[in-house]
Amino acid sequence: MSIESGERRSKVYLEIVKQLRIMIEQDGLKPGDKIPSERELCERLNVGRSSVREALRALELLGLIETRRGEGTFIRDFRSNQLVQLLSTFILQDSKAKQDVIETKYLIELDCLRLIIGRDNGKQLEELLEWTDQRNFTDDQFFMKMVELADNHLFYRIWSILSDYYHALKLPKMEASNPNYRAIVLAIIRRDEAEVLRAYQALRKLSNG
């Protein structure tokens, strides 16, 4: 097979992967759901069976789908496998890349806190304060709630990916008893952006040792 024909095959299966992602989104499929059969995919995407198989094989190698004999092919939750850790061995190879992950994650968290201040969310914040007082949560759980309250889907997606890479750095974990978590929520309830910034910086200063 020539290099040119190899490139054409690569472009075909990558395009199929792209179309599969769009189809999964349009069909509202979630982790655990079954995707259409190879035959149905060929018909819906108007491509050959060998190309579909190649695309599915690539997705399975990445751990994004799994085939169960006699049942079909299902979407996997990417968080349940080692994909992020695998990619991290290539991405997080120098101190600059690691610092970029940390800085970007923190900037998104801070921007989300600013967004929450401008939202009409008094009841949700009171519930969050009560939840925070239970002190049985992780740093990720706390900021997941914050990112959700910010109600910015792009921030949510970027933060989720960065959070996975962040964990691959194996940084020291925060204690839920840290008073700055509660201070952040109280400052947001008071709509005091300066105090939110102070409490967040105090929290991250501690988390960075």
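1. Start with the network: K105, E109, D139 and R204 are tied together by salt bridges (a side-chain nitrogen of Lys or Arg within 4 Å of a carboxyl oxygen of Asp or Glu). The structure has 16 salt bridges.

2. A word on what you're looking at: this is a predicted model, where local features need pLDDT of at least 70 and side-chain atom pairs count only at pLDDT 80 or more, while totals for chains, interfaces and linings use all residues. Residues are numbered from 1 along each chain as its sequence is written, and side-chain values use heavy atoms, with hydrogens and water left out.

3. R204 is buried at 4% relative accessible area, and E109 is buried at 0% (buried means under 20%, exposed over 50%, partly exposed in between, with a 1.4 Å probe and protein chains only).

4. R182 and D133 form another salt bridge, 2.6 Å from N to O. This one links helix 9 to helix 6, across 49 residues. Here R182 is partly exposed at 32%, and so is D133 at 37%.

5. Which residues line the largest cavity? T132, D133, R135, A176, S177, N178, P179, Y181 and R182 do. Helix 9 gives the largest share, three residues.

How values were computed
1 Å grid on protein atoms, 1.4 Å probe; cavity = no way out; pocket = protein on both sides within 12 Å on 5 of 7 lines; lining within 4 Å. Helix = DSSP H or I, 4+ residues; strand = E, 2+ residues; numbered from the N terminus.
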